[in-house]
Amino acid sequence: MLRTEYYEELKLLARQTRARFGLDSPRVLRSDLRRIYKEEGIKIDLWPYKPRRLRGAYFDDDLGATVMLAKGLPEDPMVFTMGHELKHHLVDRGLSLSYCDASNQSNPMEIGAEIFAAELIYPDEDFRDHLIQMGVSQGSCRPEILVRLKRETRTTLSYAGLAKRAEFMGFASRGAMAKIRWKKLEEELYGPPVYKRFRNRS
Amino acid sequence: MAQLNMREYVARRIRELRTAYGKKGLSQEELANMLGVATNTISRWETGTYEPTLNDLERLARTLNESILELFPKSSVDTPKKLAVDALLRAANELDQKDIDELRRYAEFRRAKAIYKRKPKQ
């Protein structure tokens, strides 16, 4: 099977999983993933000792299927990591161990898990539709548009994920979204988040 | 192994690992300070009066630079599956050493959890 076919199959599986568990928006929460894990019989351990880059790991052996998640991850990376490990459970079982870290993955199994997780949270098709509805055409997507998209859809797919996809689909030119400080840009456009306002007040 | 035996075994191992730590060993007070618990707690773990939680044991093992599995009977630990995981961890060469160590610790914690769960209820 060609890599592209493999990745398309994973996207299909992600959409089927969304349908099976009633996920109908780009805002997928860790509680949604917890529900899926429960149904799939996957146990979760939140690991309080800070790994350097490791975010999660999937184990499947005589002790059953377990996912280790780095405790304290913010919502977006936590949801993405849970989606990533779910792919290993659904597709790669029998390999005993696989893991997810913050580096660029180089093997198709890991790239596939990234693609699955992104599609599970926010399907390509929905992303394309939303951008078109916002009047974005090929090559015209700017970082500000992605900030607006994220706010309006409240998606839990990270800015890095949205930017990568915008570039991949041709809405933005390659490299146009590199080195953007997303949180800073968000604050410039919409003001500081509530917790910062409270902190600054006291 | 019956629960009392397991508890006794763990209690004995805590004491052994504490007294063997470094060259001179640690006093209960020193260990308590390192863990941020009361000296009484260490004493009660070592006599089996209190049963440490799995998370307590993980913290203890880290503090003493040991694997959590060192606190459990060898017979309940060494399985071919564990060895397979060890081999896989060694193969996880894309990760840096700290993360490989963390994965190994988690794999050992997971196995310790299974041993702990197998104990009959008191």
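What follows is a conversation about how some terms are applied to a predicted model.

Visitor: How are residues, chains and features counted here?
Guide: Residues are numbered from 1 along each chain as its sequence is written, and chains are lettered from A and ligands numbered from 1 in the order in which they are written. In this predicted model local features need pLDDT of at least 70, side-chain atom pairs count only at pLDDT 80 or more, and totals for chains, interfaces and linings use all residues, while side-chain values use heavy atoms, with hydrogens and water left out.

Visitor: What makes D45(A) buried or exposed?
Guide: Buried means under 20% relative accessible area, exposed means over 50%, and partly exposed is in between, with a 1.4 Å probe and protein chains only. D45(A) has a relative accessible area of 8%, so D45(A) is buried. D45(A) is found in strand β1 (residues 43-47) of chain A; strands are DSSP runs of E with at least two residues, helices are runs of H or I with at least four, and both are numbered from the N terminus.

Visitor: What does the side chain of D45(A) make with the side chain of Y106(B), and why is it called that?
Guide: The two side chains make a polar contact at 2.7 Å. A polar contact is a pair of N or O atoms within 3.5 Å; within protein, one must be able to donate a hydrogen and the other to accept it, and residues adjacent in sequence count only if both atoms are side-chain atoms.

Visitor: Which residues is D45(A) in contact with, leaving aside its neighbours within four places in sequence?
Guide: They are T66(A), V67(A), M68(A), L69(A), Y106(B) and K113(B). Contact means heavy atoms within 4.5 Å.

Visitor: Why are α6(A) and α8(A) called roughly perpendicular?
Guide: Helix α6 (residues 143-153) and helix α8 (residues 182-190) of chain A pack at an angle of about 80 degrees, with their axes 10 Å apart. Axes are lines fitted to C-alpha atoms, for helices over the stretch in contact, and angles run from 0 to 180 degrees between N-to-C directions. Angles under 35 degrees count as roughly parallel, over 145 as roughly antiparallel, 65 to 115 as roughly perpendicular and the rest as oblique. α6(A) and α8(A) are therefore roughly perpendicular to each other. Among the residues that make the contact are L146(A) and V147(A) of α6(A) and L185(A) and L189(A) of α8(A). By class, this contact has seven nonpolar, no polar and four charged residues; Ala, Val, Leu, Ile, Met, Phe, Trp, Tyr, Cys and Pro count as nonpolar, Asp, Glu, Lys and Arg as charged, and the others, Gly among them, as polar.

Visitor: How are α1(A) and α3(A) set to each other?
Guide: Helix α1 (residues 3-20) and helix α3 (residues 75-91) of chain A pack at about 100 degrees, with axes 12 Å apart. That is why α1(A) and α3(A) are roughly perpendicular. Y6(A), L10(A), L13(A) and T17(A) of α1(A) meet L86(A), K87(A), L90(A) and V91(A) of α3(A).

Visitor: What is the arrangement of α2(B) and α3(B)?
Guide: The axes of helix α2 (residues 28-35) and helix α3 (residues 39-47) of chain B come within 8 Å and cross at roughly 110 degrees. That makes α2(B) roughly perpendicular to α3(B).

Visitor: What makes α7(A) mostly covered?
Guide: Seven of its ten residues are buried. They are Y159(A), G161(A), L162(A), A163(A), R165(A), A166(A) and E167(A). These buried residues pack against α4 (108-121), α5 (124-133), α6 and α8 of chain A.

Visitor: Where is A176(A), and how accessible is it?
Guide: A176(A) lies in the loop between α7 (159-168) and α8 of chain A. At 35% relative accessibility, A176(A) counts as partly exposed.

Visitor: What is the phi of N65(B), and is N65(B) buried or exposed?
Guide: N65(B) has a positive phi of about 55 degrees although it is not a glycine. N65(B) has a relative accessible area of 58%, so N65(B) is exposed.
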